[in-house]
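Hi,

Here is the structure I promised to pass on.

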Amino acid sequence: MSSSPQSVTAIIVLLGGQYLISKLAFKSDRFERLIKSEPALLYSGGSFNRKTMARERVTEREVLQAVRKSGSAGLDAVEAVILETDGTMSVIGGSDARSHLIYDPVERA
């Protein structure tokens with residue numbers, strides 16, 4: 001199987017662009033804020049943040065799946081669910097929620 005010159009060029013351009021963007025984001029806080037989102041609070045204090053969930057296009061089913069994956073017995077054992085900047089969800093248990101530091105810089109509804 002041989003690669004065409006266009007395929008190789010496309011791969012090089014994509015890799016080069018990714019490298020350039022990550023380098024700029026690393027060196028410039030302003031550029032990083034432009035291209036990356038903040039963590040978002042999807043569930044807290046016993047209720048879903050529907051406005052945030054709609055903006056982030058996350059369903060209740062996806063939040064519940066993250067809770068199950070975390071090993072929590074259910075929502076009653078969870079203080080918060082946060083959508084991280086990489087698209088993963090962090091599930092914060094009730095005993096872990098005492099530290100206000102875990103919520104910085106989480107975007108609230």
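A quick definition before the notes: a residue is called buried under 20% relative accessible area, exposed over 50%, and partly exposed in between (1.4 Å probe, protein chains only). Keep in mind that this is a predicted model, in which local features need pLDDT of at least 70 and side-chain atom pairs count only at pLDDT 80 or more, while totals for chains, interfaces and linings use all residues. Residues are numbered from 1 along each chain as its sequence is written, and side-chain values use heavy atoms, with hydrogens and water left out.

Salt bridges first. The term means a side-chain nitrogen of Lys or Arg within 4 Å of a carboxyl oxygen of Asp or Glu. Searching the whole structure turns up two of them. One is between the side chains of R50 and E60, at 2.9 Å from N to O. R50 sits in helix α3 (residues 50-56) and E60 in helix α4, so this pair ties together parts that are 10 residues apart in sequence. R50 is partly exposed, at 49% relative accessible area, and E60 is also partly exposed, at 32%. The other salt bridge joins the side chains of R55 and E56, at 3.7 Å from N to O. R55 counts as partly exposed at 39%, as does E56 at 26%.

On to the sheet. Helices (H or I, at least four residues) and strands (E, at least two) are DSSP runs, numbered from the N terminus, and two strands pair if DSSP finds at least two bridges between them. Four strands make an open, antiparallel sheet in the order β2-β1-β3-β4. Its edges are β2 (47-48) and β4 (89-93), each of which pairs on one side only. β1 (residues 40-44) runs antiparallel to β2 and is joined to it by two bridges; S44 has S47 in β2 as its bridge partner.

Last, the nonpolar surface. I21, L34 and I35 make a nonpolar patch of about 290 Å². Patches take residues with over 30% relative accessible area and no salt bridge, joining like charges within 9 Å and nonpolar side chains (Val, Leu, Ile, Met, Phe, Trp, Tyr) within 5 Å; the areas come from the Shrake-Rupley method with a 1.4 Å probe, and for residues only the protein chains shown count as cover. L34 belongs to helix α2 (residues 29-35) and is exposed, with a relative accessible area of 67%.

Cheers
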